[in-house]
Amino acid sequence: MNRRLLSLDVFRGFTIAAMLLVNNPGDWGHLYAPLAHAKWDGWTFTDWIFPFFVFISGISMTLSLGRRAALGDDKLHLLVHTVQRGAVIIVIGLLLNLIPTFDLVTLRVPGVLQRLGLCTILAAPIVLYFNWRAQLAWLVGLLLAYTAIILWVSVPDAQGVWHTGSLQAGEDVGAWLDRALMNGHLWHSSKTWDPEGLLSTVPAVASQLAGVLVGHWLASHRLPVEKTVWLLLAGLGLLWLGQVLGAWSMPINKSLWSPAYVLLMAGWACIVLGVFHWLLDAMPDAGLRARARAWLRPLVIFGMNALFLFALSSLIAKMLGFIKVAPAESLKAWLYEPFQTLGLAPVNASLVFALLFCSVMYVIAWAMWRKGWFVKV
């Protein structure tokens, strides 16, 4: 498939824009509920974002690796290149975690980019050496294996109390494994478990394989309208399966990246992508399609440098926190003060700050797009 999918670019841009919005409020104590992660079980709009990134990465792997392998490129060379790319993403994530203290003793080892890099590395051989049926079998097998480990293996919690099948924070097998391998290097807010831990990367790879399978469908020679219809139907089916599995087995939970969460988020990803695919790639009316493309161009611009914008926004957010304009006042607090004097409700002032942050990042993305600067890893 040589024609670039505009809907995939817009989907990527939508996801990075949403990430910028939820990651940069003026005040973490004042948020609209959809703009914060679910505290444990359940999900919100914010819980869409990370699995959407993983899902998009899977689609891109099919459209790039799969196509190049089909054209005769050496699979081992492609595998080595992809592993190197995943390693670079992991290193970028670790470097961001080092800022601002640059203290290896307290460095958080897991992270969002680290998980994205690991998923890329682990999914690459499955994409290159297996057909779509085997990839589906891998997806199901990973979810079954993860469920069995979480529900049937006994481990001690941080206080030494043993649990079998506990799904509470810090008591599951993944939390025990992270403490055993990375104690002192976990998420600072919990210290005894990490939402991007090693074991929960297994079902995250399944999320990536869901995107890989959708990539096969998008790369097929089916009519664009047919692709849209089946994306939407598949999305609805996955939503139903996710809800049923969440009630029957492990609940929907982002921190555990439960199988129900995998299916539910894959369903939402299919629906959101399906809507964009209809508007931008499949709509029969060329005039309406052109108008939709014009209206959604800002998301295309966001999506052109998604990884760079993620890293840059993380760096800027850290700098706003550690740069001091007074002994007890950060640069962010100083910048946020005027918003608190506008007479807005605290949640609205916090949201306006986040929207302004997104706008600044869009200006950077637009300038890079105009110059033709596209940062690739």
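Predicted model: local features only at pLDDT ≥ 70, side-chain atom pairs only at ≥ 80, totals over all residues.

Author: In helix H6, residues 173-182, the buried residues are Val173, Gly174, Ala175, Asp178, Arg179 and Met182.
Reader: What covers the buried residues of H6?
Author: Helix H5 (132-152) and strand E1 (154-156) are among the elements that do.
Reader: Which side chain reaches a backbone nitrogen at the start of H6?
Author: That of Asp172. One of its side-chain oxygens comes within 2.9 Å of the backbone nitrogen of Gly174.
Reader: And just after H6, which residue takes a positive phi?
Author: Gly184, with phi at about 90°.
Reader: New topic. Where is Thr15?
Author: In helix H1, residues 6-23.
Reader: Is Thr15 buried or exposed?
Author: Buried. Its relative accessible area is 1%, and the cut-off for buried is under 20%.
Reader: What does Thr15 touch, beyond four places away in sequence?
Author: Ile49, Phe52, Phe53 and Ile56. The C-alpha atom of Pro51, 36 residues apart from Thr15 along the chain, is 9.8 Å from that of Thr15.
Reader: Which backbone oxygen lies 2.9 Å from a polar side-chain atom of Thr15?
Author: The one of Phe11.
Reader: Now Asn305. Where is Asn305 found?
Author: In the loop between helix H11 (297-304) and helix H12 (306-322). Asn305 is buried, at 2% relative accessible area.
Reader: What is Asn305 in contact with, leaving aside neighbours within four places?
Author: Met368, Trp373, Phe374 and Val375. Trp373 also places its backbone oxygen 2.9 Å from a polar side-chain atom of Asn305.

Note on methods:
Residues numbered from 1 in each chain as written. Heavy atoms only, no water. Buried < 20%, exposed > 50% of the residue type's maximum accessible area, 1.4 Å probe, protein only. Helix = DSSP H or I, 4+ residues; strand = E, 2+ residues; numbered from the N terminus. Contact = heavy atoms within 4.5 Å. Polar contact = N/O pair within 3.5 Å; in protein donor to acceptor, adjacent residues only side chain to side chain.
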